[in-house]
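Subject: Structure handover and notes

Hello,

Here is the structure for your files. Please open it alongside these notes.

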Amino acid sequence: MKKIISQLKTAFLTSIVMMIICGLIYPFAVTALAQLAFHDQANGSLIKIDNRVVGSKLIGQNYKNPAHFISRVSSVNYNIYEKNDTKYAGVSSGNFNYAPSNPELTKRITNSVDEFLKENPTVSRTDIPADLMTSSGSGLDPHISIAAAEIQIDRIAAASHLSKEEIQDIIRKTTSQKTFGVLGEDKMNVLEANILIDQKMK
Amino acid sequence: MWQIILVLVIYLPLVLIIGRYLYKVTMGEKMWGDSFFQRIEGIIYKISAVKQEDMTGKQYIFSLLFSNAVMIAIGYCLLRLQSVLFLNPNNIGNMETTLSFNTVISFMTNTNLQHYSGESGLSYLSQMLVIIFMMFTSAASGYAVCMAFCRRLIAKTDTLGNFYVDYVRVITRILLPLSFIVSLILVSQGVPQTFQENITLTTIEDKQQDIALGPIAAMESIKHLGTNGGGFIGANSSAPFENPTILTNIVEILSMMLLPGACVVTLGLMIAYRKKRSNNVWLGKQGASIFIAMSIIFLIGVAAVYISEKSGNPAIHAIGIDDHTGNMEGKETRFGIAQSSLFTAVTTAFTTGSINNMHDTLTPLGGLVPLFNMMLNVVFGGKGVGLMNMMMYVLLTIFIACLMIGRTPQFLGKKIEAKEMKLIALCILIHPALILGFSALAVVTDGGIAGITNPGAHGLSQVLYEFASSSANNGSGFEGLLDNSTFWNVTTGLAMFFGHYISIVLQIAIASLLAKKLVHNESVGTLNTSNATFTIFLVAIVLVVGALTFLPALALGPITEYLQLNS
């Protein structure tokens, strides 16, 4: 009995000590250093216009304005909602989790494709890149592929009265290439591109 | 394709270096930074009343069980009380009973199955005091047990090593320093680390957007280094705030591969050094044969996911859009097919369970690989347990091979006899019994069926995946499953608990039996366990046993779905 009590005591004390080291000292130390060395990144890489936060470089948004690039499909609508919206359930992330064989998946994609074709009458179905019509894993993907950006040029040009070359230029400016030429994929940051469009339109 | 090879090439030297370091930490050898670490460890031992004396296998495992039980109790209380404690800027309520039970078991067993969503289910304090804390301690417990197991394989006595000493040394000398460095790399790339509350902002189109923040980086690093896998944010490592760039993706992949691989290297060194110490040995022959066997199964898996995802989903192709990039549903643009496939194979082979793409949306064969990895649970595996499982197969292989050629089965000069073989067989059988038994229960009860969200064969895959993930202490999921219900919280909680603790108790028992045995000299008649023949035979045994056990279930799940989609 005495042995068990002494065992429990050691178990309890090590747990408390480790809780303080790993659960408090460690995260506070990382926070302190991170805030000092990488202040912007540690606070969410926020983008400000005229000192007002309009988004994060790393978190996607959805766009309804035909003069803006649209983002990928999101199951959580990028946590975007109208003021006073009662249906919004709070901040979340994730995916529809439709299996490849789930008929809901094909139904959802077909609807997105039809809608996209209506809004982009110059585009033919076979040219629509699948990444734009599929939903991202997190529902917060800030990027689209270059093909998905280029296919929207006609619509944006018509709605924004910018020239196609100007839009091409915006795509080029907000594209990040594969890291070191091999790692990852080429991609365009949608929020940054849309901010540039707004600036040009002014 | 090239980027997958590149990451694996970077991995090799890293794992050899860390393996050597782990060897020194485990064996208590002189090393760099000793005076600094010893001072800190001295203070910890003193406060915690740790007597640094050697333990028998039995004492060792009891210490582990006691300490884990205490942590489960503390963690449970914190989750149930989080709403009234401090550091809760987003005003999150207390966690419900069965969900709290599931969550503490999940994190203590290093599974990190999450039936809650981090941004809405846990306060910052719970994320730190329960989740981050258990990520360190569950990993350290696992590595401590693995090292106790390995030491007993080569030892001539069962009384060696102290659980608390191993456990503390793994945290102070390996997990904390590495986590610290990795956290800062992650922050530099954009992973938040702040105690600020979530942000609500107005977008350029005049709508509201909520952005979840928190001390994410500190968790993200140990989540991978400790092969834990539980995310701060619901979407786990697919969320940009957990994994913003391709560099963080690679750092996370390497972090989770590092220590499970290092365990194999450490065992290899222990075996190589038991006769003669030499600094030219990096892995040892025996270590190499096990490492290569694991790598073969791993590489087959990586290739299979990549090819399957790259070839895309026939159902999407039929809509008539341009899907030459592959199956992008559930994947992030910045990772694409290659980095997503690699992550999927690594997270299930190395039993981490974090995800950078949604496994429910993988193509049928792409989803079969992670499922099969977890069913085998020996391809490196997480927190040392994978190596112990693989050693069960090594001993089984030796036994079968020796029966075939009529020799006495022995490993490192120690005879493998009836008592050990019974325990080994039991150990190998528990895992499929838990997966298949609970899956059967789920598909015949209303509570189980209520969780299934995808129709047809894929529904069965969701059930199998959830229990394979629980029993293998992986923690990833076919996330569509509506798993936050009493049925799923309790059954997966039990699967995680038994899958973890029964296995390690049996494995330490086997190691204790072997530790006490006489060491026989190796002769020409001894089976060579470190050549290519043995490696191939080992791979074959693992695959045959795995296939025989799980093929019927797999045939009804992913394989049926594949045939339906491609017909």
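The model is predicted, so please read every value as computed from predicted coordinates.

Hairpin in chain A

Strand E1 of chain A (residues 46-49) pairs with strand E2 of chain A (residues 52-56) in the antiparallel sense, over four bridges. Ile49(A) has Arg52(A) in E2(A) as its bridge partner. Two residues lie between the strands of this hairpin, and Asp50(A) takes a positive phi near 50°.

Sheet in chain A

An open sheet of three strands in chain A has the order E4-E6-E5, with antiparallel pairing. Strands E4 (143-144) and E5 (175-176) of chain A each have a single partner strand, so they stand at the edges and one side of each is left without a neighbour in the sheet. Helix H8 of chain A (residues 190-201) packs on this sheet, where H8 touches E4 and E6 of chain A. The direction of H8 makes about 55° with that of E6(A). E5(A) and strand E6 of chain A (residues 187-189) run antiparallel and are joined by two bridges. Opposite Thr175(A) stands Met188(A) in E6(A).

Within chain B, four bridges connect E1(B) with strand E2 (residues 208-211), and the two run antiparallel. Ile199(B) stands opposite Ile211(B) in E2(B).

Helix packing

Two packed helices are described by the angle between their axes and the distance between the axes. Two pairs are listed here, one from each chain.

In chain A, the axes of helix H6 (residues 153-160) and helix H7 (residues 164-173) come within 9 Å and cross at roughly 120°. Angles of 65 to 115 degrees would count as roughly perpendicular and those over 145 as roughly antiparallel, and H6(A) and H7(A) are therefore oblique to each other. The crossing of H6(A) past H7(A) is right-handed. On the H6(A) side the contact involves Ile153(A), Asp154(A), Ile156(A), Ala157(A) and Ser160(A), which meet Lys164(A), Ile167(A), Gln168(A) and Ile171(A) in H7(A). By class, the residues of the contact of H6(A) with H7(A) are five nonpolar, two polar and two charged.

In chain B, the axes of helix H13 (residues 364-376) and helix H17 (residues 457-471) also come within 9 Å, crossing at roughly 40°. H13(B) and H17(B) are therefore oblique to each other. H13(B) passes H17(B) in a left-handed crossing. H13(B) contributes Pro370(B), Leu371(B), Met374(B) and Met375(B) to the contact, and H17(B) contributes Leu464(B), Tyr465(B), Ala468(B) and Ser469(B). The contact of H13(B) with H17(B) has seven nonpolar residues, one polar residue and no charged residues.

Regards

Methods. Residues numbered from 1 in each chain as written. Chains lettered and ligands numbered in written order. Predicted model: local features only at pLDDT ≥ 70, side-chain atom pairs only at ≥ 80, totals over all residues. Heavy atoms only, no water. Axes fitted to C-alpha atoms, helices over the stretch in contact; angles between N-to-C directions. Parallel < 35°, antiparallel > 145°, perpendicular 65-115°, else oblique. Left-handed = near helix turned anticlockwise from the far one by under 90°. Contact = heavy atoms within 4.5 Å. Nonpolar A, V, L, I, M, F, W, Y, C, P; charged D, E, K, R; others polar. Pairing = 2+ DSSP bridges.
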